Amino acid sequence: MSQNLQDFVKDICNSNGNDPARMMNICIAVQKAFGCVCDEAIDLIAKTLKTHRIEVESVITFYTFLSKEKKGKFVIRLCNDIIDKLQGCEKVADAFKKVLGIDFGQTTKDGMFTLEYVPCIGLCDQAPAALINNVPVTYLSSDKVAEIIGILKKTGDTKKLIHRLGDGNNANPLVHSMVHNSIRKKGQVIFDEERAGSGLKKAIALSPAEVIREIKAARLRGRGGAGFPTGMKWEFTRASNGDVKYVVCNADEGEPGTFKDRAILTERPGLMFEGMTIAGYAIGAKEGIIYVRGEYAYLLAFLEDVLDKRRMQGLLGENILGKKGFDFDIRIQLGAGAYICGEETSLLSSMEGLRGDPKTRPPFPAQKGYMGKPTTVNNVETFCCVTRIMDKGPSWFAEVGSKGSPSNKLLSVSGDCELPGVYEFPFGTKVSELLDVVGANDAKAVQIGGPSGQLIGKADYERVICYDDLATGGSIMIFGLERDILEIVDYFMEFFTEESCGYCTPCRAGNALLKERLERIRAGKGEMADLDYLQQLGETVKKASRCGLGQTSPNPILSSLKNFRSDYEALVKKDTKGFQPDFDIYEAIGDAS
């Protein structure tokens, strides 16, 4: 073992308090410094943290951005989600393979470049896109690939790839990114002018119980998609036994087609941090943690700077805004590429330095969450809403929207439309109205809520976006008339098959079986009975799976069977003369003849 590695691991473990719960930070740092977390590093980390080797290795092998095998100096992660595919990422991929002489999953012989696919990097509004190390590269084309590789070979500096800066804080020296915010429609809740500390000042003038009552009066529901009442969640957490409580912000928006949190983290992080601080006051927590997906690592220095400035302003730390005894601070936990960590109990496992495996519920996080302590988990947009409610009042917040879904919702719109980007619409907006605003009047299908949501056709465009009809965490993917619906569904099932943590059989095996049968139908070897098979198996996977991933993963199959059944029926063979359509007798006896 090299002395450099020993010294580095010792120092990074010490800087994280030799705490096994900070395993993610330690492994990410070693990966960045040495290109991998090798066996020697695993042994040293385990010894220093006084834990078992298997605990360290299980983390390394679970997360996409960590590896036991050394990766290239430049890791090119090309997004291949369905939106990027429809925008031409496969041509970009071919260009990278040709220029570098390697395939995806391989590293060049000189150790300079590694090619990898990733399912979503939060840039569907500017596809095709890639991450090169932590630098987002947008609007890729096959023509640009040789230039990109040439710059990296010549300069060895990923910053040289940034030939223009994006709008807003993307141009901040701490971000220095070519990403565009793509904020197309601003509302009064999220992207209105920010008044730092205004909501917090009004909150601490009330008792914690009164703050919770204000949130309940506003009828705020979680903006992550499930729509659980935020005030009720806080009330449960505050009432739970235990002197130590935590506030956790879920900024792991890994759902393909979702990127609204990226815009908030770039332009309104203070609004989010203030909402977390208000939550800390309300539930009696002293520590908040925001879990930021690894794909947004380029925002890390900027977010840390925002936190530092809030500390200097007296908005974080001890005796906040002069309120004696009100101590609260926030730290950032970076993820390392795992879709399952968007599920709140998986996220908590990851924060504890473990694999991102889901936990069995009950107990719920409000009772037993981070490190076994009562924890409230809300997402980025929810905390922003909290700040506005405390600043402007619950009646102001609820004056727009629908009966069961008050106020506005941020939507990430991508795909076959003229104006992809982030939109703030009131709840109760019809799909047809949205399509008109974004320039997609000839849409064949719309995926509401990402792959785990619903795929609807024209017959449903008068339905409304709200928790009681078409619920969504924010993802809206639009597909034009020329698109193959079953190709889209096939991609979604591939995504879920790949992203399943593998813990429970219904999700691990069921999704693979659903995809296998779908592929048979797409190959023209299906029969009508296969449609019933898909329906029954999909419902079984939903009912029997352990966590939210498996409970929603069959939705692409089930919603497309409901709304695009004719697309399936056009491919299945109805008259097979008693033979299985996928059985070729000539192929079967070929070796014997």
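Trainee: Is the crossing in which helix 20 passes helix 22 left-handed or right-handed?

Mentor: The model is predicted: local features need pLDDT of at least 70, side-chain atom pairs count only at pLDDT 80 or more, and totals for chains, interfaces and linings use all residues. Residues are numbered from 1 along each chain as its sequence is written, and side-chain values use heavy atoms, with hydrogens and water left out. Helices (H or I, at least four residues) and strands (E, at least two) are DSSP runs, numbered from the N terminus. A crossing is left-handed if the near helix is turned anticlockwise from the far one by less than a right angle, and right-handed if clockwise; helix 20 passes helix 22 in a crossing that is left-handed.

Trainee: How are helix 20 and helix 22 oriented to each other?

Mentor: Axes are lines fitted to C-alpha atoms, for helices over the stretch in contact, and angles run from 0 to 180 degrees between N-to-C directions. The axes of helix 20 (residues 528–544) and helix 22 (residues 555–563) come within 9 Å and cross at roughly 135 degrees. Angles under 35 degrees count as roughly parallel, over 145 as roughly antiparallel, 65 to 115 as roughly perpendicular and the rest as oblique. The two helices are therefore oblique.

Trainee: Which residues in helix 22 meet helix 20?

Mentor: Contact means heavy atoms within 4.5 Å. From helix 20, the residues involved are Leu531, Leu534, Gln535, Gly538, Glu539 and Lys542. In helix 22 they meet Asn555, Ile557, Leu558 and Leu561.

Trainee: How many of the nine residues of helix 22 are buried?

Mentor: Buried means under 20% relative accessible area, exposed over 50% and partly exposed in between (1.4 Å probe, protein chains only). The cover over the buried residues includes helix 18 (485–499), helix 19 (505–522) and helix 20. Among the buried residues are Pro556, Ser559 and Ser560. The buried count for helix 22 is seven.

Trainee: How do helix 18 and helix 19 run relative to each other?

Mentor: Their axes come within 9 Å and cross at roughly 155 degrees. The crossing is left-handed, and residues making the contact include Leu486 and Phe496 of helix 18 and Leu514 and Leu518 of helix 19. Helix 18 and helix 19 are therefore roughly antiparallel.

Trainee: Which residue in strand 2 is the bridge partner of Val75?

Mentor: Strand 1 (residues 74–79) and strand 2 pair in the parallel sense over six bridges. The partner of Val75 is Thr114.

Trainee: How many residues are in the largest nonpolar core?

Mentor: A nonpolar core is a set of buried Ala, Val, Leu, Ile, Met, Phe, Trp, Tyr and Cys residues joined through side-chain atoms within 4.5 Å. Ile45, Tyr63, Trp234, Ile290 and Tyr568 touch the most other members. A second, separate core of 24 residues includes Phe74, Ile76, Leu78 and Val135. The residue count of the largest core is 141.

Trainee: What is the relative accessible area of Glu418?

Mentor: Glu418 lies in the loop between strand 12 (408–415) and strand 13 (421–426). Not counting residues up to four places away in sequence, Glu418 touches Val438 and Gly439. The C-alpha atoms of Glu418 and Val438, 20 residues apart along the chain, are separated by 6.2 Å. Glu418 is exposed, and its relative accessible area is 65%.

How values were computed. Two strands pair if DSSP finds at least two bridges between them.
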